[in-house]
Amino acid sequence: CDRAILLGQGRIVADGEPGQVVATYLEMISGHRSSQLSEGRGQPREGSGEVATPARLLAARPVDQSGNPVASIGSGEPLSIMVEYCGLDSLRVPTLSVSLQTTDGTYLATLRTPTNVAAQLVSHGAGSLELSWPSLPLAAGVYRFAVALADGDTAVAKAAVAGRLEV
């Protein structure tokens, strides 16, 4: 798929490369949810009567073992992606995942948060989590990674292309 169209109220809102169109869509729904919350129409947090912050992905970046951002790694070296998020306390079973792809979109590997981490994510609501591959034997080249947030099996937010990495 090399083209996507986003419709809004029967009109074309965005037309182009799928990653860009998805990013436009996510910005639209994020802004819509934010305006609903500011007007008091958000989803109440169960049992609290408070309005929950919508779950969102804030940033994702490759980091080294010390947590410093990196733009490249060597083949066979470990790879960690630091994902920043907020609003996870509004989800029942928050799941973060990172997928590594070639530049043509071929999926190479995917990491997901273990189920035992979900309770920790909910209790903090906002923060960051590092997802790591212990070793990636990749050929020299450019790769991209995508990040997704789900509530169990239901997608909540997805960054079509969160970033790129050179090997």
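A salt bridge is a side-chain nitrogen of Lys or Arg within 4 Å of a carboxyl oxygen of Asp or Glu. R61 and E84 meet that description, with their closest N and O atoms 2.7 Å apart. This is a predicted model. The structure holds 3 salt bridges. An open sheet of 3 strands and a nonpolar core of 25 residues are the other main topics here.

**The open sheet**

- Strand 3 (56-63) and strand 7 (127-133) are the edge strands, and each pairs on one side only.
- From one strand to the next, the twist averages 20 degrees.
- Strand 4 covers residues 79-86 and pairs with strand 7 over 7 bridges.
- Within that pairing, V83 stands opposite L129 of strand 7.
- In general, strands of a sheet pair through backbone hydrogen bonds, either parallel or antiparallel.

- Side chains of opposite charge can pair when their charged atoms come close.
- R61 forms a salt bridge with E84. R61 lies in strand 3 and E84 in strand 4, so the pair ties together parts that are 23 residues apart in sequence.
- R61 has 28% relative accessibility, so it counts as partly exposed. E84, at 26%, also counts as partly exposed.
- The side chains of R3 and D15 meet in another salt bridge, at 2.8 Å from N to O.
- R3 sits in the segment before strand 1 (4-8), while D15 belongs to strand 2 (residues 11-16), so this pair links parts that are 12 residues apart in sequence.
- R3 counts as exposed because its relative accessibility is 51%, and the cut-off for exposed is over 50%. D15, at 43%, counts as partly exposed.
- E166 and R164 form a salt bridge too, with the closest N and O atoms 3.7 Å apart.
- E166 is partly exposed, at 41% relative accessibility. R164 is exposed, with a relative accessible area of 53%.

**The nonpolar core**

- In soluble globular proteins, nonpolar side chains tend to be buried together.
- The largest nonpolar core has 25 residues.
- L79, I81, V98, L100 and W133 touch the most other members of this core.
- Strands 4, 5, 6 (107-112), 7, 8 (142-151) and 9 (154-166) each supply at least two of its residues.
- Leaving out residues up to four places away in sequence, I81 touches A60, R61, P62, V98, L129, E130, L131, W133 and F145.
- Two of those partners, V98 and W133, are named with I81 among the residues that touch the most other core members.
- R61, the salt-bridge partner of E84, is also among the residues that I81 touches.

**A buried glutamine**

- Q101 lies in strand 5, which spans residues 94-102.
- Is Q101 buried or exposed? At 4% relative accessibility, Q101 counts as buried, because the cut-off for buried is under 20%.
- The side chain of Q101 makes a polar contact with the side chain of Y107, at 3.4 Å.
- Beyond its neighbours within four places in sequence, Q101 is in contact with T106, Y107, L108, Y143, R144 and A146.

Note on methods:
Residues are numbered from 1 along each chain as its sequence is written. This is a predicted model: local features need pLDDT of at least 70, side-chain atom pairs count only at pLDDT 80 or more; totals for chains, interfaces and linings use all residues. Side-chain values use heavy atoms; hydrogens and water are left out. Two strands pair if DSSP finds at least two bridges between them. Helices (H or I, at least four residues) and strands (E, at least two) are DSSP runs, numbered from the N terminus. Axes are lines fitted to C-alpha atoms, for helices over the stretch in contact, and angles run from 0 to 180 degrees between N-to-C directions. Buried means under 20% relative accessible area, exposed over 50%, partly exposed in between (1.4 Å probe, protein chains only). A polar contact is a pair of N or O atoms within 3.5 Å; within protein, one must be able to donate a hydrogen and the other to accept it, and residues adjacent in sequence count only if both atoms are side-chain atoms. Contact means heavy atoms within 4.5 Å. A nonpolar core is a set of buried Ala, Val, Leu, Ile, Met, Phe, Trp, Tyr and Cys residues joined through side-chain atoms within 4.5 Å.
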